Amino acid sequence: MTHGPLTLVEVEALARAAHEGQTDKAGRPYAEHLAAVAEGVRARGGTADQQAAAWLHDAIEDEALTPAWLESAELPQSVKDMVLAVTKRPGEPVEAYTARILATPGALLVKEADLAHNADPARLAVLDAPTRDRLSVKYAYVRSLLGLPTP
């Protein structure tokens, strides 16, 4: 018997468990990034659904959870749509990726918070210069495609 949609607290716990043992490019626990993106969404006035999508935004891309799990999860369709919108697909042109984000209600705010944390100078500072430069250019291009101002 189901108990209705997962709460934000349950989604957070699930995301933390799914990404357990994963680290970001700087070697930090991946859950720190998820928490920062969820907080970024909240601070930007995002809804509970957008915050849930923030917790799950990398789960499928990083193979922490499967598309089948997401499909059957007790989550509002809007959350599933946002997660799928911000999930990069192998070989997908960035222009198609950003167009999908823009076409999906609520997804832009999730991606904006994700980019803001990814481009955080303190986070980038620990990476080697070529990686830092490559990512900075990439993030700036994605922001421009999404119509987001330069931070």
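This is a predicted model: local features need pLDDT of at least 70, side-chain atom pairs count only at pLDDT 80 or more; totals for chains, interfaces and linings use all residues.
Visitor: Which residues in H9 meet H7?
Guide: From H7, Leu108, Lys111, Glu112, Leu115, Ala116 and Asn118 take part in the contact (heavy atoms within 4.5 Å). Their partners in H9 are Tyr139, Val142, Arg143 and Leu146.

Visitor: How do the residues of the contact of H7 with H9 divide into nonpolar, polar and charged?
Guide: Ala, Val, Leu, Ile, Met, Phe, Trp, Tyr, Cys and Pro count as nonpolar, Asp, Glu, Lys and Arg as charged, and the others, Gly among them, as polar. The H7 side includes Lys111, Glu112 and Asn118, while the H9 side includes Arg143. The contact divides into six nonpolar, one polar and three charged.

Visitor: Is asparagine 118 buried or exposed?
Guide: Asparagine 118 belongs to helix H7. Residues up to four places away in sequence aside, asparagine 118 touches His33, Arg123, Leu124 and Tyr139. Its relative accessible area is 15%, where under 20% is buried, over 50% exposed and in between partly exposed (1.4 Å probe, protein chains only), so asparagine 118 is buried.

Visitor: At what angle do H6 and H7 pack?
Guide: Helix H6 covers residues 94–103, and its axis lies 7 Å from that of H7. Tyr97, Ile101 and Leu102 in H6 meet Ala107, Leu108 and Lys111 in H7, a contact of five nonpolar, no polar and one charged. H6 and H7 pack at about 125°.

Visitor: Which residues in helix H5 are buried?
Guide: H5 comprises residues 77–86. The cover over its buried residues includes helix H3 (48–56), H4, H6 and H7. The buried residues in H5 are Val79, Lys80, Met82, Val83, Ala85 and Val86.

Visitor: Which residues in H7 meet H5?
Guide: The axes of H5 and H7 are 9 Å apart at an angle of about 50°, and the two helices are therefore oblique to each other. On the H5 side, the contact involves Met82, Ala85 and Val86. On the H7 side, it involves Ala107, Val110 and Lys111.

Visitor: What distance separates the C-alpha atoms of alanine 38 and alanine 113?
Guide: Alanine 38 is part of helix H2, residues 30–43, and is buried at 5% relative accessibility. Apart from neighbours within four places in sequence, alanine 38 contacts Gln51, Ala54 and Trp55. Alanine 38 and alanine 113 are 75 residues apart along the chain, and their C-alpha atoms are separated by 7.7 Å.

Visitor: What is the relative accessible area of glutamate 71?
Guide: Glutamate 71 is located in helix H4, residues 67–72. Its C-alpha atom is separated by 34 Å from that of proline 151, 80 residues apart along the chain. Glutamate 71 is exposed, with a relative accessible area of 58%.

Terms used
Residues are numbered from 1 along each chain as its sequence is written. Side-chain values use heavy atoms; hydrogens and water are left out. Helices (H or I, at least four residues) and strands (E, at least two) are DSSP runs, numbered from the N terminus. Axes are lines fitted to C-alpha atoms, for helices over the stretch in contact, and angles run from 0 to 180 degrees between N-to-C directions. Angles under 35 degrees count as roughly parallel, over 145 as roughly antiparallel, 65 to 115 as roughly perpendicular and the rest as oblique.
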